[in-house]
Amino acid sequence: MLTVSDLGAAGRRADASGDAIVAWAGRRGYEVVVRSVVPDETDRIAGKLARWADSGEVDLVLTTGGTGLTARDRTPEATAAVLDRRAPGIAEALRAAGGRRLPGAWLSRGLAGTRGATVIVNLPGSPGGVTDGLSALEPFLDHAVALASGARTAH
Amino acid sequence: MLTVSDLGAAGRRADASGDAIVAWAGRRGYEVVVRSVVPDETDRIAGKLARWADSGEVDLVLTTGGTGLTARDRTPEATAAVLDRRAPGIAEALRAAGGRRLPGAWLSRGLAGTRGATVIVNLPGSPGGVTDGLSALEPFLDHAVALASGARTAH
Amino acid sequence: MLTVSDLGAAGRRADASGDAIVAWAGRRGYEVVVRSVVPDETDRIAGKLARWADSGEVDLVLTTGGTGLTARDRTPEATAAVLDRRAPGIAEALRAAGGRRLPGAWLSRGLAGTRGATVIVNLPGSPGGVTDGLSALEPFLDHAVALASGARTAH
């Protein structure tokens, strides 16, 4: 999982959103293979995403941060650069669920899709946004990962 | 209407989803001008869509299949290659309606839009997904076809 | 704010949708810096959007018209040509709110995003669509403009 944050990368802010993802992954039975914090720089973000997806060892990459409307927010552009295929419905589901609770959730520009057999999903940056986003993903995320990774599913 | 299915094209699976579309079209008073089954191959899908749209005899193309996250699912990419203009709201409406009943509907990567005067909509592959999708389209599909084809509408 | 309308630009139709936006802006305390009516021509639309955004004097551009499925509707394509970054959730929120009241709202192909520090949002063409759209935007629009323009926000 990748946290995108200038302050986080500079060691000036604790990665509470990343912690929330790791705690959630533990409860869900996902193994967190790798975790990193990078600044809001397109190349740094895209590099991590591509390397992890292409390693063959990561079924799912969740990012947090950098999806908003400020000049520094570049996570969607970095993600677009590395995705093979877009899955717009995953991003729509995140925003529709988040927007019901907090209208600002509609402002997330996050993308989702696949690179090879890896699912990549951009979550919002705030711990609350991460928690809402993970709840929205839960009903279909296992299925998405199984389809993309080629695993057989009963569905 | 176009069914995208490796098994269907090989004659190894009955086209239940295509049958559901044809039955629906009959109830709605649409004439099914042409029906075909192709494998999950981008060029084959795109070729059919372009030929039908460019024939001037087809107001609406509904596809079923190939919108998911497995490595073989290529219908959205083939559709993107032939669309002149995207109509993202049609795809959003399909997923929002489907996702309320079955969370996996958010995983459909289907697109919609126009090529010339023809409306093209990607429906999911399962008969249930087709049925839910057609229900979601009904309130605005006639209007969409009329606008795209240049017919005068009262609206 | 920009009204896109062949009839409006020819002086053959009053700009009721533009009037609705101006009235709304007044109630919200926005200053309308510039207002114009252009025909449904991609270059004319894109030219206005780019010039206004690049002037440094416009925080928000709202367009009305040209987002439908007829052959003349080109506002989304013109908008795509000038946006630096897409904000798909703003367009999704508009359609989700509009579609609940009027199914035809799903047919709007409108986009939203930023060019530099300016937020650009495509609203539907009808006065009713504009009113519904502005209501849907209200909960997050100030926040969007503040983020894009670099203003500090408490959020």
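**Note on a predicted three-chain model**

1. The model is a predicted one, in which local features need pLDDT of at least 70 and side-chain atom pairs count only at pLDDT 80 or more, while totals for chains, interfaces and linings use all residues. Residues are numbered from 1 along each chain as its sequence is written, chains are lettered from A and ligands numbered from 1 in the order in which they are written, and side-chain values use heavy atoms, with hydrogens and water left out.

2. The symmetry may be described next. Two copies of a chain are related by a rotation about an axis and a shift along it.

3. Between chain A and chain C, 15 residues of chain A are in contact with 15 residues of chain C (contact means heavy atoms within 4.5 Å). The area buried between these two chains is about 1300 Å², and carbon and sulfur atoms give 68% of it (buried area is the accessible area, with a 1.4 Å probe, that two parts lose on being put together, summed over both). In chain A, the residues that lose the most area to chain C are A:L69, A:W106 and A:L107, together 50% of what that side buries.

4. One salt bridge is counted between chain A and chain C (a side-chain nitrogen of Lys or Arg within 4 Å of a carboxyl oxygen of Asp or Glu). The partners A:R95 and C:E92 meet at 2.8 Å, N to O.

5. Between chain B and chain C, 16 residues of chain B are in contact with 16 residues of chain C. Here B:R85, B:E92 and B:L147 supply 42% of the area that chain B buries against chain C, more than any other three residues. The salt bridge of B:E92 with C:R95 has its closest N and O atoms 2.8 Å apart. Strand 4 (85-86), helix 5 (88-101) and helix 6 (127-149) of chain B each give two or more residues to this side (helices, H or I of at least four residues, and strands, E of at least two, are DSSP runs numbered from the N terminus). Helix 6 of chain B gives the largest share, six residues.

6. B:R95 is found in helix 5 of chain B. B:R95 is buried, with a relative accessible area of 5% (buried is under 20%, exposed over 50%, partly exposed in between, with a 1.4 Å probe and protein chains only). Beyond its neighbours within four places in sequence, the contacts of B:R95 include A:P88, A:G89 and A:E92.

7. Over all chains, the count comes to 27 salt bridges. One of them joins B:D132 and B:R101, with the closest N and O atoms 3.4 Å apart. B:D132 lies in helix 6 of chain B and B:R101 in helix 5 of chain B, so the pair ties together parts that are 31 residues apart in sequence. B:D132 is buried, at 18% relative accessible area, whereas B:R101 counts as exposed at 63%.
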